[in-house]
Amino acid sequence: MSPRRVLLHVGTPKTGTSYLQDVLFRNRDLLAGKGILYPADRFDGQFLAALDLMRLPWGGLETEAVGAWDAMAAKVRAFDGTSIISHEILATASRTQIRRALESVGHPGTEVHVVLSVRDLVRQIPAEWQENVKHRRTLRYDRFLSEIRDPERATRLATWFWGVQEVPDILDRWGGELDPSRVHVVTVPRPGAPSTLLWERFAETFGLTGLPLDLEAERSNPSMGVPETALVRRINRAVNKDVEPAHYRPLVRELLAHNTLSRRTGSPRLSLPPDARAWAEDLAREWVAELRARGYDVVGDLDELLPEPSDAPYVDPDRPNPRQVNQAALDAIKALLVEGARQRETEEQLREELHQAHLALERAYLRPTYRAREKLVRSAEERGWGRRLLGVYRRARGRSSRAA
Amino acid sequence: MNTARAWAWVAHLRTGGTTPWQEFAPGDPDSAASSADALLPGAIQLEVVRRLNLAADPAGTADPRHRALVDRVLAASAPGRGQPDLPLVGVLDDTRFGPPPADPAALPDDELLRMTVGVLAELALDLDPGPEPEQRSPLPVPWRRKWAVVGDPLIADRTRSDLVAAGRRPGLRSPVALVVADDLAAMLADTWTWRVRHRVTPSWAWWVGHWARRDQLPPRVDLAAVAARWAGRVGRERVHVLVGGELPASLLGTAVDLRADPLSADAGELLRRVNEVLRVLVRPERHQRLLDRVVVPLLAGERGTLPGVPEAQQEWVRRRADRLVGELSRAGYPVHGELASLRPRNGCGPTAAGATGALDVALRALLATRTIEEAR
């Protein structure tokens, strides 16, 4: 019997978490054969569990999360081997919720490890603003920066940002009850590093090295450039009141942001204005010193949290180049037209199928015996005694005839 | 020393104390015990307890049930998005990371409400009476008239139960449809209140704005459409529009006051926020049972001002009321009362509900849970 071990990967967003979770989910059967459990029945199963743990509403999705954490934790407790739980929103959990989470997976009797993947703030800050924009926000970039730089952190946006990004605090909360050797910090390589390096670090941390995993990603969370993000923010302003979240997600977030605009790679990338960059660099240095002092297991190099010097000029997404935005908008219109045409074809096809079904039903309804029976049943179902009589008849018949 | 003072304040609050943190001076700060692995409760939790103690009858704070309620709050985390657990100002001020320490007395009511709602929702789960056994509906009395009450959902619910209580279950004689109505602003408030009693979460302001943007009335109070639908089923002369007052005895053999069981705007706002949490905690069937049998009864005394139509939509409501009056007049249904009363009276009333009022209601509801447990 292999020792029971739980690896809790609790963040941070925009550090390759979607890719990791996609690989783990698609390979979960293979992993189970190797003594590694990735407990999820659907690709977002662990996201739902995290929503449940933190009582977090999420555009209606939370109704599918009822009891999800306890169900997942029960699978973990019943598994002899290594279990992996991974979702980046776990970074915001409170100490009470963390204590509940740790106890539910067997702590302190079980060997629990906490993993946090981290990336330098100079890349994380614009990425978080873009993530906000892809979640219907209309906040300008300068306003976003001013809110997160306010030491009071009074707004919900600032609270959320630091909840998922302030590495020393996240590790304080999640690792406070663990030996530092069981707290693992995985650093995201600098730009230009080999594209497989981050995966190799994840594989080392989660004990996946050498396993024949299918690493072809189906889900990822790609980034947009300056004009594309500015365009989506303007789209949000124009449509938020009229497009329900259930439609926004597939049409704007998936179709436009992920599948269309993020493919425009030639546009200027989001970055920090010089004063914000200096502030973020100071903060990063403070974090790195703190993390070194705490003695966690580091997979990668803490120096990767210190941003590299950049000579790329800052491009302000609040004042984007109109020509670049227009080009992005044309691509967006094209994608929507193609999708509209596809939906029209589907609608036409369904209309035809419905028409054929109506014709078949009409042929069935035309039989006089059917019409007489239908009238009798309809009349009986309007009356209490009739419903009881029908109930007796159905029980005597041995099966429900309602579906007929 | 500062940590000891904090634990002393926790002990003070657990015994019903109401002194704010900044004014608190413990007699012996080292006397408050805390176990090594205990987490010092956050500023939000502690302030909610202080407010609970303020709202409680002083004699009641010594009760073990009050102590249990306080401990529950101290161990809770607020659900949803908002401030994390905030450290108490003046305790560990050298901490370089995490949210800034907070003075509990200066916390916004919205954050206190979020915490209170979370505890209330968790308590509702504990107080769940479980599913009721299915009841067979009695046989209809053949010589009584069949009826349906539609329109303002709160008035309709109340009228149906009053009729059944008066022994007037629907019979088998040819049916009548009773379309119950009030002024349109009140009907909108009643419909939103009815919907928050049925698990929905949109705020009142958003909900009214949503219908105004579409220039549509919510289906239940689009009385012209409701009446037309029933006229198609039972005949125009059997659709009676009842505006205020009472259901005349001539219709079903008994007179019934047409009244709603409204909740105040603050109570409606609280219920809406409780729904946000219960949606994550339980499935819809149990959610509805918890509302019907635990949470709404806890709010039975909350009968203040109804939510008022926001200024931006007041003109829309007046216009739609005029249109409704015209449509019902032209259709020629029997009308009991004055159709003109569908027009909003005295403007449209004040816009509702902020966190402060809802917090007061939430604290009273939390305190009332003690008596439910006592009654069991």
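Chain B and chain A bury about 3100 Å² between them, of which carbon and sulfur atoms give 50%; buried area is the accessible area (1.4 Å probe) that two parts lose on being put together, summed over both. B:Arg81, B:Phe97 and B:Val280 supply 25% of the area that chain B buries against chain A, more than any other three residues. The model is predicted: local features need pLDDT of at least 70, side-chain atom pairs count only at pLDDT 80 or more, and totals for chains, interfaces and linings use all residues. Residues are numbered from 1 along each chain as its sequence is written.

The counts for this interface are as follows.

| Item | Value |
|---|---|
| Chain B residues in contact (heavy atoms within 4.5 Å) | 35 residues |
| Chain A residues in contact | 36 residues |
| Salt bridges (side-chain nitrogen of Lys or Arg within 4 Å of a carboxyl oxygen of Asp or Glu) | five salt bridges |

One salt bridge joins B:Asp110 to A:Arg156, with the closest N and O atoms 3.1 Å apart.

Leaving aside neighbours within four places in sequence, B:Leu270 touches B:Leu113, B:Val117 and B:Ala358, among others.

B:Arg272 lies in helix 10 (residues 265-281) of chain B, helices being DSSP runs (H or I, at least four residues) numbered from the N terminus. B:Arg272 counts as buried because its relative accessibility is 10%.

Terms used:
Chains are lettered from A and ligands numbered from 1 in the order in which they are written. Side-chain values use heavy atoms; hydrogens and water are left out. Helices (H or I, at least four residues) and strands (E, at least two) are DSSP runs, numbered from the N terminus. Buried means under 20% relative accessible area, exposed over 50%, partly exposed in between (1.4 Å probe, protein chains only).
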